[in-house]
Amino acid sequence: MIVAIASGKGGTGKTTVAVNLALSLPGEIQLLDCDVEAPNAHLFLETALATREIVGIPVPEIDADRCNQCAECSRICQYHAIAVLGTGVMVFPELCHGCGGCTLVCPEEAIREVRRPIGVVEKLRAGNIELVQGRLNIGEALVPPLIREVRAKTRDGGTVLIDAPPGTSCSMIAAVRGSDFVILVTEPTPFGLNDLGLAVETVRTLGLPCGVVINRAGSGDDRVHDYCAAEGLEILLEIPDDRRIAEAYSRGRTLVGSVPEVRPLFLSLAEQIQDLATAVPELQAEKGRARVCG
């Protein structure tokens, strides 16, 4: 079963939920940190590096001797990564998305592709948890390709947790797509409620079932509860607004190990996830029947 932990905004406690849920689940767990611009799950786990793999995307390289400056490559590029000038062809690798269209349309076969590194994918081990994380190179703007490489490490069988990037952009979508269930982490504030609504709309558009975790419960008002009731969203867990939790987090310590009262809450969440894992095959079968009947 693949469970993604996402949020409509940053700072809600998404990584906190992902890490402490991983520590509460029994058996072998795979945790994918897809927040590749700022991976931080490893800060809360005692990890040992197992492997590191450089990830790149294909970008065009022009053979000036064969190029006749027909500009077909420039016309097909939707990202303006190629410009044909009077003096030759200029390539802007940072704008290239690696689609390969320019190579296909070049009538002179004057374009070949070379790999441009954008980051690394690392595998680490912490007890029964296999942590896979992506690290985007500094200054790199192209995030989804690296997230897809992290997702490509998803193993078959068992429980897989995905720590998704915050927000509802293409990065978040690349991380949660194909999940069996999405946990949306929010906080009881006007900003939290607004961005929770955006996140719910996004995952529903993707056709993914979801539930809600409220962090810092008791610090705001009841509007998040009212919204979840109106939308038929189950509140899976409420993490109390407790100074000890904030202190543990600031020191890079896990909540289940530092605040005894919190551990039963995450154990309950883990049980709900396990119950959901039993129901997922039935849900998938029901979706399949609906597609056939439709």
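Before the first entry I note the criterion I used: a polar contact is a pair of N or O atoms within 3.5 Å, where, within protein, one atom must be able to donate a hydrogen and the other to accept it. I also note that the model is predicted.

Entry on Ser179. I looked up its place in the chain and found Ser179 in the loop that runs between helix 5 (170-176) and strand 9 (181-186). I then asked what the side chain of Ser179 reaches, and I found the backbone oxygen of Val176 at 2.7 Å. Is Ser179 buried or exposed? I recorded Ser179 as buried, because its relative accessibility is 6% and the cut-off for buried is under 20%. Leaving aside residues up to four places away in sequence, I listed the residues that Ser179 touches as Ile2, Ala4, Arg151, Ile162 and Leu208.

Entry on the whole protein. I counted 10 helices and 11 strands, and I noted that the C-alpha trace spans about 70 × 50 × 40 Å along its principal axes. Of the 294 residues, 47% are buried. When I took the contacts between residues at least 6 apart in sequence, I found that 73% of them join residues at least 24 apart.

Entry on surface and charge. I noted an accessible surface of about 14,500 Å², with 52% of it belonging to carbon and sulfur atoms. For the 27 positive and 38 negative charges, I wrote down that their mean positions are 3 Å apart.

How values were computed
Residues numbered from 1 in each chain as written. Predicted model: local features only at pLDDT ≥ 70, side-chain atom pairs only at ≥ 80, totals over all residues. Heavy atoms only, no water. Helix = DSSP H or I, 4+ residues; strand = E, 2+ residues; numbered from the N terminus. Buried < 20%, exposed > 50% of the residue type's maximum accessible area, 1.4 Å probe, protein only. Contact = heavy atoms within 4.5 Å. Areas by Shrake-Rupley, 256 points an atom, 1.4 Å probe, with all protein chains shown as cover. Lys, Arg positive; Asp, Glu negative; His and termini not counted. Charge placed at Lys NZ, Arg CZ, Asp CG, Glu CD.
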